[in-house]
Amino acid sequence: MTVLPDDGLSLAAEFPDATHEQWQRLVEGVLRKSGKDVSGPAAEEALSTALEDGLSTRPLYTAREAAPDAGYPGFAPFVRGGTAAGSAAAGWDVRQRHAATDPAASNETVLADLENGVTSLWLGVGPGALPVSGIERALEGVFLDLAPVAMDAGAEFEPAARELFRLYEERGIPKDSARGTLGADPLGHEARTGERLDPAAAIELARLCGQEYPNLRALTVDALPYHEAGGSAGQELGASLATAVAYLRELTEAGLTVDAACAQLEFRYAATADQFLTIAKLRAARRLWARVAEVCGAPDAGAQRQHAVTSPVMMSRRDPWVNMLRTTVACLGAGVGGADSVTVLPFDHSLGLPDAFARRIARNTSTILLEESHLARVIDPAGGSWYVERLTDELAHAGWEFFQEIERAGGQAAALRSGLIGERLAATWAERSEKLAKRREPITGVSEFPNLTERPVEREAPPAEASGGLPRVRRDEAYEILRSRSDAHLASTGARPRVFVAALGPAAAHTARASFASNLFQAGGIEAVHDPATVDATTVADAFKASGATVACICSSDALYEEQADEVAAALKSAGAGRVFLAGRPAERPGVDAYVFAGCDAVSVLSSTLDHMGVA
């Protein structure tokens, strides 16, 4: 009888260690079965996934994928956290955004949030948001020494800050108890609107905060304008770094020390449903800022204060309930990545002003992750992961490269005004749009698994967003245009445009492609009429006539296509089909007008189909 070692965990101790090369040979065998004859490193490359910024995700990471030492939390390069305790002491700051124009309504939601888990307030102030004169009413009943306030006032940051100072004084708040950020961001405002602001007022606020309000920051380095314009994670990092360096120059030229200037900055980043990219981005951002502080001679000032916001770009207008899942994953990534403050946008954010239910779910997302998932009990829980450490390093290099390009162009302001930043972001978004159109980047509930029978979620229209600068993009925008065309057709005719799915042969032969085709057409608002009883050209033609459709899509196996596709296509044309599709790779088939397949340009196919149907 074999006696196991005492540790009880050595069940595989007698087996030899597997090597990387052995694993690659196993991968080769699997790929050959799928028709890919590759070997060695090429087999591993075949399983890699391309990311933006020229990066890629490999299928396997091991200790061979070395990355620079991440250090310890609270010490340069701050990759593992800006403070020694990270979020383990009290969790991250749960920051809810308030952008209603009515002060009384804002006060109601502010108090409801603070009573139910929110720990700081993010106030939109100025045109299209809360008026400066309404700040006092909106903050009525708020203990300003307990609830930090983050202002987002655009061009009105100075009067908004002065009003907040007045409230602190009027309510007897000790100056060292005032916490939050005044939100001055002249370059971010210019990126949003194209309007140039004199930084002098922001510098004066920074000087005042440094002298009298030790826990209040004057400036925000907001990377959201670059993310919302379609930028990649690396471009978001590079643009934020260039903005922060521009502010650092202004502040130090005005007489502040590097340490004092760094203390006046808070950074804002987008958190997306790509949890690993979000984790790596926040860790890389801290490393990059630590490098800037080090070069400026103040390495101890390089701890970056971070505010993460769930991405508006990823939020869908159709099937908006899925946004709850997206924001949960994004919040998880932000928390694991070490963000100091996290804002979860309500699931109906893209539809208008959120209702009470949406706000409750948004704030409870952080509560669940903190209180029930215990996500903040460990500092930097992703640290040590070979994948995360490698991705952090690669993103840091990508961000630094874009930062250097901006600096060579004369700095952030010059790069914005010359159009360089806009051009780079537009090129990145064009590449991503192609992936979205081909559904290589799926949007659940929109480009994949759409529900044409869902009842629309209606919300009060939001205030007009600032415009005039960089554009705002959404992942779902191309499909939203298609669905809106379908909606208009439904409203005017009482029915959606239809496609007849001509399924040939037994279920085993046609189910996969019929499901694929139905899913694809519904992504454009085209209702799929599927009659699985069709067995030959005659029954297909009869079923098509009864369907009310004007176009058809043949779905079956390659073997049955060889036997029946040509005859069925001819029968469909004779029955009145204005256009006949076939689900499968393109081939020369009489009567077939177009093909739909994995990787085809779904947006182009759907748009041209709606055009053919006369759907405006």
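Biologist: Which helix is L277 found in?
Modeller: In this predicted model, L277 is found in helix α11, which covers residues 275–295.

Biologist: And what is L277 in contact with, leaving aside its neighbours within four places in sequence?
Modeller: With those neighbours set aside, L277 is in contact with A233, L391 and L395.

Biologist: How far apart are L277 and T252 in space?
Modeller: Although 25 residues separate L277 and T252 in sequence, their C-alpha atoms are 33 Å apart in space.

Biologist: Switching to the nonpolar core, which residues touch the most other members of the largest one?
Modeller: Those are F165 and W289, in a core that has 107 residues, and the largest share of this core, 11 residues, comes from helix α9 (residues 233–253).

Biologist: What does F165 contact beyond its neighbours within four places in sequence?
Modeller: Beyond that range, F165 is in contact with L182, L205, L208, C209, Y213 and L216. There is also a second, separate core of 57 residues, and I443, A543, A549 and F597 are among its members.

Biologist: Now the aromatics: how many aromatic pairs does the structure hold?
Modeller: The structure holds 11 aromatic pairs. In one of them, W400 and F403, the ring centres are 5.1 Å apart and the planes stand at 55°, so this pair counts as tilted. Both residues lie in helix α14 (residues 386–408), 3 residues apart, which is about one turn of the helix.

Biologist: Is F403 buried or exposed?
Modeller: F403 is buried, because its relative accessible area is 8%, which falls under the 20% cut-off. W400, at 24% relative accessibility, counts as partly exposed.

Biologist: Which residues form an aromatic cluster with Y61?
Modeller: Y61 forms one aromatic cluster together with F276 and Y387. On another ring, that of W122, the charged end of R97 sits 4.6 Å from the ring centre.

Biologist: Last topic, the open sheet: what is the order of its strands?
Modeller: The open sheet has 5 strands in the order β12-β11-β13-β14-β15, with parallel pairing. Its edge strands are β12 (527–530) and β15 (594–596), each of which pairs on one side only.

Biologist: How many bridges link β11 and β13?
Modeller: Strand β11 (residues 498–503) and strand β13 (residues 551–555) pair in the parallel sense over 5 bridges, and A503 has C555 as its bridge partner in β13.

Biologist: Which strands does helix α20 touch?
Modeller: Helix α20 (residues 558–574) packs on the sheet and touches β11, β13 and β14, its direction making about 170° with that of β13. Helix α18 (residues 507–522) lies across β11, β12, β13, β14 and β15, and runs at about 150° to β13.

Definitions and conventions: Residues are numbered from 1 along each chain as its sequence is written. This is a predicted model: local features need pLDDT of at least 70, side-chain atom pairs count only at pLDDT 80 or more; totals for chains, interfaces and linings use all residues. Side-chain values use heavy atoms; hydrogens and water are left out. Two strands pair if DSSP finds at least two bridges between them. Helices (H or I, at least four residues) and strands (E, at least two) are DSSP runs, numbered from the N terminus. Contact means heavy atoms within 4.5 Å. Axes are lines fitted to C-alpha atoms, for helices over the stretch in contact, and angles run from 0 to 180 degrees between N-to-C directions. A nonpolar core is a set of buried Ala, Val, Leu, Ile, Met, Phe, Trp, Tyr and Cys residues joined through side-chain atoms within 4.5 Å. Buried means under 20% relative accessible area, exposed over 50%, partly exposed in between (1.4 Å probe, protein chains only). Rings of Phe, Tyr and Trp (its six-membered ring) pair if their centres lie within 6.5 Å; planes under 30 degrees apart count as stacked, over 60 as edge-to-face and the rest as tilted. A charge sits over a ring if NZ of Lys or CZ of Arg is within 6 Å of the ring centre and within 35 degrees of the ring normal.
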